[in-house]
Amino acid sequence: MVIKEATCIEKGKVRYTAQFTNSAFGVQYREVDIELVEHKLGEWIDEIPATTEEFGTKGHYKCSVCGKYYDKDGQEIAELRIAKIGTHNIIINGESKFYADGENVTITAEDKEGKVFKGWKDASGNLVSTDKNFSFKVSGESNYTAIYENEPTVAPKPQEPKPQPQKPDIDSAQTGEDSLISGGMLAGLVCAGLVVIGAAAFVSVWFATKKKY
Ligand SMILES: [Zn+2]
């Protein structure tokens with residue numbers, strides 16, 4: 001039974017009910033997630049070129065459920081606007097901004113609690129600067145993201161367990177020896193037991209015999 005239909009942004013839920021013919025077992029339920037479904041894309045909207053005065057609009061599909069925009073390859077479009085002629089779209093930490101061509105821009109990475117700034121990376125994942133303040137000249141569309149690593153904890157890291165030198169030959173030899181010993185001991189115990197039983201039998205026979213008289 002579907003409790004919640006999956007959409008493109010939220011998983012759904014289905015509940016399975018198991019009833020047993022044997023009344024000793026109660027009814028059992030199990031809830032399972034339904035994976036995300038594809039976006040409900042509307043009609044293709046053609047690109048509207050930018051002018052020096054107006055932003056353009058990239059050609060796109062719009063999902064009627066989540067409201068996001070997608071290109072012909074199904075890739076999400078972060079910024080639907082096309083920069084005015086003479087300007088460029090620069091996405092900094094996912095935030096879209098527009099700058100004039102040739103403008104010098106400095107972006108600053110903010111401090112994050114418990115994180116160590118590692119650098120700025122571009123859209124291809126290349127590290128472009130390890131300085132919190134990264135300056136560049138605007139010459140085209142760019143995408144910069146500040147990357148961080150978790151601060152190393154004060155407590156020393158637990159040591160990697162040292163690889164134990166393997167002595168499979170000695171180990172197996174020892175095991176063999178052990179089992180030999182325990183086998184011998186077991187035999188000894190069995191013998192001792194038989195002796196005890198024998199003695200007890202002798203005693204009871206002896207008592208039985210004695211009682212007769
Ligand atoms: Zn969607």
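Trainee: Which residue in β2 is the bridge partner of Lys4?

Mentor: In this predicted model, Lys4 has Lys13 of β2 as its bridge partner.

Trainee: What makes β1 and β2 a pair of strands?

Mentor: Pairing requires at least two bridges between the strands. Two bridges link β1 to strand β2 (residues 12-18), in the antiparallel sense, so the two strands count as paired.

Trainee: Why are β1 and β3 called edge strands?

Mentor: The open sheet has three strands in the order β1-β2-β3, with antiparallel pairing. Both β1 (2-4) and β3 (28-34) pair on one side only. From one strand to the next, the twist averages 25°.

Trainee: How do you know that β8 and β14 are paired, and in which sense do they run?

Mentor: Strand β8 (residues 87-92) and strand β14 (residues 142-150) are joined by three bridges and run parallel. The cut-off is at least two bridges, so this is a pair. Within β14, Ser142 is the bridge partner of Ile90.

Trainee: How many bridges does β14 form with β11, and in which sense?

Mentor: Six bridges connect β14 with strand β11 (residues 115-121), in the antiparallel sense. Ala146 in β14 stands opposite Trp120.

Trainee: What share of the residues is buried, and what makes a residue buried?

Mentor: Of the 213 residues in the protein chain, 5% are buried. A residue is called buried because 20 or more other C-beta atoms lie within 10 Å of its own.

Definitions and conventions. Residues are numbered from 1 along each chain as its sequence is written. This is a predicted model: local features need pLDDT of at least 70, side-chain atom pairs count only at pLDDT 80 or more; totals for chains, interfaces and linings use all residues. Helices (H or I, at least four residues) and strands (E, at least two) are DSSP runs, numbered from the N terminus. Axes are lines fitted to C-alpha atoms, for helices over the stretch in contact, and angles run from 0 to 180 degrees between N-to-C directions. A residue is buried if 20 or more other C-beta atoms lie within 10 Å of its own, exposed if 12 or fewer, and partly exposed in between; C-beta atoms are placed from the backbone.
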